[in-house]
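Please open the structure in the viewer and keep the selection panel at hand.

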Amino acid sequence: MRYVRSLIIVLPLSVFGLACEGDDPVDCRTDGANCSVREAAVQAGVQVGAAFREVSATDDPKYLPALIANFNSVTHEHAMKWAATQPQYGVFNFDEPDRMIELAEANGMAVRGHTLVWEQATVDATPEYVTAITNPEELRTLMANHIRTVVGHFRGRVDAWDVVNEPLDTLGSEVYQNIFYQLMGPGYIAEAFELAHEADPDATLFLNEALVSDDGDKFDALLALTADLLVQGVPIHGVGLQGHFLTEAPNHDELLANLQKLAALGVVVELTEVDIIVRGPGDDAARLERQRQEFFDMASACLAVEACKRITFWGFTDRHTWIDSFFGPDLAPLPLDENYERKPAYFGLRDGLLSGP
Ligand code: G3I
């Protein structure tokens, strides 16, 4: 793609105001430092990431410079899901993720792979040739080949994988009975992790779940599932809490407690798909100020837990967010506004990143 080649060759990090080798690192805590959230994350010893869309990078010239200036990790929003990487049986397509990885490597960004196994009736992340299977051994063989091929292709270039996404009922606490569960039993989760670990022993392997940021039965079920997998000796290294705050604000204390409980199991934890919509009464200034506080509450909870190593946003500018098409416009869930300007939420995030010890 035009954009990737030009950016990789022409624009070093310094163009985006990022410290280059030899520059004295800025202390983001000093008055007037005016650090980017990427610089604040580096100082805090964590990664801050964003979901990536190639179509936005191609169509919007402001997209890539803002992404690179502010984030040191990327996750492709859809092109590393089964429906994109193996759209037909035996036909693999890695072109778009490969271009994103080239961009990431040229700009000092880590890559999170999302996701190897995710099947829910309401989502088109898994093709019909998979969900139509009725024979358990056929599905077991297909899943093994998918994971080995995909993880093998990206081996050494993707530092973390969401191996299984959303294994629990969306609004419940039981294991969701997707096609893998129905034919292979709950053991499909362990099998997926074993296959991913065999294909890339150096990748950090995550279980990733939605709506588990607050205290409640669903989080308890995720904690129990994680503990059970660990007891079985399954190579699960991390747990991702997605952080789509669409119906309520982050509860700092409950999020902190959940992160601590998972960390106590010995896994790393990440906030993997954060967007926090503007909410509540008052004029826009009041709503944006409330959102600033909510970004701070979310980020400071992560930074209070040693094992919390990365916060990834699901997009990074209000101009390009899945929420527009799924929940409606003007919910403004991200740290940069439609014109890529820093919102109060950006500063809440930066302060949260710098709130750690
Ligand atoms: O790429 C095709 C395009 O070729 C086609 O013309 C178009 C027609 O509708 O569809 C395009 O694929 C869409 C894809 O996004 C890329 O835009 C899919 O239909 C659409 O379902 C898909 O939605 C994504 C959704 O996951 C399902 O994969 C959203 O963008 C993405 O934000 C959302 O992200 C999920 C995480 O993966 C898991 N956690 C929840 C989160 C929000 O639902």
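Select helix 5 (82-85), helix 11 (217-231), strand 7 (244-245) and helix 14 (322-327): each supplies at least two residues of the lining of the largest pocket. Helices (H or I, at least four residues) and strands (E, at least two) are DSSP runs, numbered from the N terminus. Residues are numbered from 1 along each chain as its sequence is written. This is a predicted model, in which local features need pLDDT of at least 70 and side-chain atom pairs count only at pLDDT 80 or more, while totals for chains, interfaces and linings use all residues.

Then select Glu166, Gln242, His244, Glu273 and Trp322, which lie nearest the centre of the largest pocket among its 40 lining residues. On a 1 Å grid over the protein atoms alone, a pocket is an open set of points where a 1.4 Å probe fits, with protein on both sides within 12 Å along at least five of seven lines; lining residues have an atom within 4 Å of a point. The space in the largest pocket is about 1,200 Å³, a volume being the space filled by probe spheres set on the points.

Finally, select the whole chain, which contains 15 helices and 9 strands. Its radius of gyration, taken over C-alpha atoms, is 20 Å, close to the 21 Å that the globule rule gives for 357 residues, so the chain is as compact as a globular protein of that length. The globule rule is 2.2 Å times the number of residues to the power 0.38. The C-alpha trace spans about 60 × 45 × 40 Å along its principal axes.

Key:
Heavy atoms only, no water.
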